[in-house]
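Open the model in your viewer and keep the selection tool ready. We will go stop by stop.

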Amino acid sequence: MSGDEQARLGQLRDEIDRLDREIMELISKRAECAQEVARVKMEAHPGEDVFFYRPEREAQVLRRIKESNPGPLSGEEMARLFREIMSACLALEKPMHIAFLGPIGTFTQAAALKHFGHSVVSVPLPAIDAVFREVESGAAHYGVVPVENSTEGMINHTLDMFMSSPLKICGEVQLRIHHHLMVSPQNKDKEIVRIYSHQQSFAQCRQWLDTHRYGIERVTVSSNAEAARRAAEEPGTAAIAGDMAAELYGLEMLATSIEDRPDNTTRFLIIGREEVPASGNDKSSILVSMRNKPGALYQLLEPFHKHNLSLTRIETRPSPSGTWAYVFYIDFEGHVDDEQVSRVLSEIEEEAVELKRLGSYPIGVL
Ligand SMILES: O=C(O)C(=O)C[C@]1(C(=O)O)C=C[C@@H](O)C=C1
């Protein structure tokens, strides 16, 4: 290294050290503010369940960061950093217990950490209904469950849970899903006779498998992480799973990003026990059961058209109450506190057998 380079680098590193000290002081001041916020919340609700996590406020903070970010870091990158700062601040107020569809190493855990940041206690549970029960009982503050995949469609089990659960949707988070074919290091040069994965992942990689691994036995297991665990233990096997599972079980990649569609994305819902106030850019979900008569679907959709509300999703599920009766699961833009939305909902209510409000929540920011 030349003397000139050394001198210049020395100056820049001194500047970075100074800035780091400033950043640290500012983050500490921010954390003290959050502690004070917690005191105010507790004083205002003595002896009550205090909701320290404020999804609408977090969405507003992250949106503002993305919009006002001066660069050179991207808005997404800056929001990700602030996501972690806020997560640490919230943990000072109250450590959040987040139940998710496990085991550890699944995409749902990655989604939970993307949404809440890494300062939460994440609790793996074996099934979607177990996640709902954990939150309903109060054992976990919030839950994270998958609801839809861009290649494979809706996750019906999650939709059906809302028919009987009192829980509310408090948020959504989308995750780009990259699947990899992976093996244990001992298996790297051996013949693979069996591939383990979750049924959804096999479906998302079908064409790739038919082209590149035709004829190899495909065995469906309960999760990608379970697939990775088996591949780590059983000679002659491989798994299709994501980065977290590969890291967790020390597997090596044979082929990366083997999903058939480059935009393969899964949407997850955050479920909780309370309703979320408007954040300024929200979405709502409802379940509606209509009388089984001609024009029922038209009657259901007409108020959305009349009041100019954008539907983002409509799904039909068989009703648990009878043969050939249906329940519609609908997502639309807006918050139940908006006047336009409350008009639409009361018009639907007049025609529907039942309307259940599943919640209004901020449109995913990250
Ligand atoms: O504004 C609040 O209510 C806070 O508790 C502060 C804060 C933050 O760090 O900005 C922390 C947790 C909440 O989920 C939202 C925001």
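Helices here are DSSP runs of at least four residues, and strands are runs of at least two. Keep in mind that this is a predicted model.

Stop 1: Select residues 97-273. An unreviewed UniProt entry lists this span as "domain: Prephenate dehydratase". Its makeup is 33% helix and 34% strand. Now find its end C-alpha atoms: they lie 13 Å apart.

Next, select residues 2-36. UniProt, again in an unreviewed entry, gives "coiled-coil region" for this span. Here the makeup is 97% helix and 0% strand. The end C-alpha atoms are 51 Å apart.

**Stop 2: a helix pair.** Select helix H2 (residues 55-68) and helix H3 (residues 75-93). Their axes come within 9 Å and cross at roughly 145°. The crossing of H2 and H3 is right-handed. Show the side chains at the contact. H2 contributes Glu58, Val61, Leu62, Ile65 and Lys66. From H3 come Gly75, Glu76, Met78, Ala79, Phe82, Arg83, Met86 and Leu90. What kinds of residue make up this contact of H2 with H3? Eight are nonpolar, one is polar and four are charged.

**Stop 3: the largest nonpolar core.** This core has 25 residues. Select Ile128, Phe132, Phe162, Ile169, Leu269 and Tyr329, which touch the most other members. Which element gives the largest share? H5 does, with five residues.

Zoom in on Tyr329. Beyond residues up to four places away in sequence, Tyr329 touches several others, including Val147, Met154, Leu159, Ile169, Leu269 and Leu358. Arg313 and Glu315 are also among the residues touched by Tyr329.

A second core is separate and has 23 residues. To find this second core, select Met96, Ala112, Tyr142 and Val173, which it includes.

**Stop 4: Glu354.** Select Glu354, in strand S15. Is Glu354 buried, partly exposed or exposed? Its relative accessible area is 49%, so Glu354 counts as partly exposed; the exposed class starts over 50%. Leaving aside neighbours within four places in sequence, Glu354 is in contact with Leu287, Val288 and Ser289.

Glu354 and Ala241 are 113 residues apart in sequence. In space, the two are 40 Å apart, C-alpha to C-alpha.

Conventions
Residues numbered from 1 in each chain as written. Predicted model: local features only at pLDDT ≥ 70, side-chain atom pairs only at ≥ 80, totals over all residues. Heavy atoms only, no water. Core = buried A, V, L, I, M, F, W, Y, C linked by side-chain atoms within 4.5 Å. Buried < 20%, exposed > 50% of the residue type's maximum accessible area, 1.4 Å probe, protein only. Contact = heavy atoms within 4.5 Å. Axes fitted to C-alpha atoms, helices over the stretch in contact; angles between N-to-C directions. Left-handed = near helix turned anticlockwise from the far one by under 90°. Nonpolar A, V, L, I, M, F, W, Y, C, P; charged D, E, K, R; others polar. UniProt positions renumbered as here; feature names shortened; annotations may be inferred.
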